[in-house]
Amino acid sequence: MNARGAIAVIAVALVGGVTAGGCAGASADAVTTINFWGLGREGEVVAQLVPEFERRNPGLRVRVQQIPWTAAHEKLLTAFVGDATPDVAQLGNTWIPEFVALDALVPLDDRVAASAVVDRADYFAGIWDTNVIADTTYGIPWYVDTRVLFYRSDLLDSVGYATPPATWAEWRDAMERLRARMSPRQYPALLPINEWPQPVALALQLGSPLLRDGGRYGAFSDSAFRTAFTFYVGLYRDRLASSISNTEISNRYQEFARGNVAMMITGPWEIGEFRRRLPPELQDSWMTAPLPAPDSLTPGVSLAGGASLVIFRRSRHQDAAWRLVEYLSEPEQQLRFYELTGDLPARRAAWRDSVLAGNRYARAFRTQLENVRPTPKVPEWEQIATAIAEQLEQAVRGGKPVPVVLAALDRSVNAILEKRRWLLDRGAIEPAAPVGATAGTVPR
């Protein structure tokens, strides 16, 4: 069996033998129809941008199909197996390595180089990097996502922090001061134990590769991840964060408003939620900040997330599809999309508009986006992330020693990566590029 045949077998296994539904064929009309698959609310809202594209491009029409995020991954794999992929699709950037391994996506470097619209230098470097596999670009960032610190500025000010903590040592000190003033049922930080991005971001700040040997094995017992994980678990063990999952939180905004929690790490969608859900008298009492760093010399790295626009190899309208990608990549369209969805633009040019430049809550995201790192570019990352969250719970709720937990995590991840090692040994796929930032010092 050749490499592509082996990978196709894996794709069939991933979708569980489900037969394909839908069709991405050409329109029978004289016009060219571009089939676009959008995910979640973005798939609903993007239709509002289509009329202007069609006005500018007579003879081109866009058919938008909205797919729920919960069904999107399986539907895309099913479409690949059934030869029914769309021309263009929105793809979560952690999914790109999987579809590259399937040889499903069109390389875009030549088109980017010739484009008067898509300017690579205008994109946040860490976000763009999520779309590059083995030195080849397969997606264009559409909107970006990362994690920052949301905090009650009035509560932090009351314990001596007029500005947010910038280092791990300051962060922990602020939490300890808050803890001393709180009741037993209150906690300085809300850090749900079933969320993996927080400990992973801290590990990336210390230069953890997360995986080693080209993505063959886990590197979670290595010193960088172990140090970050130990620091993070210590927040729970010292009652600076509550050991609950996000499904056990009835209303995080209410808890934040009541002062039962003073800080949380979350994403840009929360800006709108905080504005809607917090009472008017608290609108001047919360703020956002970049993630604290290991030390004052090291930037507080966060995760490079978001969604990208990709073109499928089986598209019969790749030139037309690229025109749609270029249109949606224009700073003006990125800004319009932000106004419709709250999704942050991937291009720096869009951030210069007063709509974003004047948004005080978005400034931390603008700063953070200059210091983001991708997770390992392997198709198995979603499974690995789940394993990290499971072992975090074992350390926090089960009280297991960190070295024991991380050894178990490495074993679990190594089992997940077994098929990947088989493919790598046969030259069917490329090794994963290393990830990680420059290591910093560590607070005790």
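User: In this predicted model, what makes β8 and β12 the edges of the sheet of four strands?

Analyst: The strand order in this open sheet is β8-β11-β7-β12, and the pairing is mixed. β8 (187–190) and β12 (286–289) each have a single partner strand, so one side of each lacks a neighbour in the sheet. From one strand to the next, the twist averages 20°.

User: How do you know that β8 and β11 pair?

Analyst: Pairing requires at least two bridges between the strands.

User: Why is the largest pocket said to lie between domain 1 and domain 2?

Analyst: Domain 1 (7–145 + 305–373) and domain 2 (148–302 + 378–426) both contribute residues to its lining, so the pocket lies between them. The space in this pocket is about 1,100 Å³.

User: Which residues and elements form the lining of the largest pocket?

Analyst: There are 44 lining residues, and Y143, D145, R147, W269 and G306 lie nearest the pocket centre. Elements that each supply at least two lining residues include β6 (140–145), β11, β14 (305–311) and α19 (381–396). α13 (269–277) is also among them, and α13 gives the largest share, seven residues.

User: What makes 17 residues of this lining nonpolar?

Analyst: The class follows from residue type: Tyr and Trp, for example, count as nonpolar, whereas Asp and Arg count as charged and Gly as polar. Sorted by class, the lining has 17 nonpolar, 14 polar and 13 charged residues.

Conventions
Residues are numbered from 1 along each chain as its sequence is written. This is a predicted model: local features need pLDDT of at least 70, side-chain atom pairs count only at pLDDT 80 or more; totals for chains, interfaces and linings use all residues. Side-chain values use heavy atoms; hydrogens and water are left out. Axes are lines fitted to C-alpha atoms, for helices over the stretch in contact, and angles run from 0 to 180 degrees between N-to-C directions. On a 1 Å grid over the protein atoms alone, a cavity is a set of points where a 1.4 Å probe fits but cannot get out, and a pocket is an open set with protein on both sides within 12 Å along at least five of seven lines; lining residues have an atom within 4 Å of a point. Grid points are joined across faces, edges and corners, and a volume is the space filled by probe spheres set on the points. Domain bounds come from an automatic or database domain assignment.
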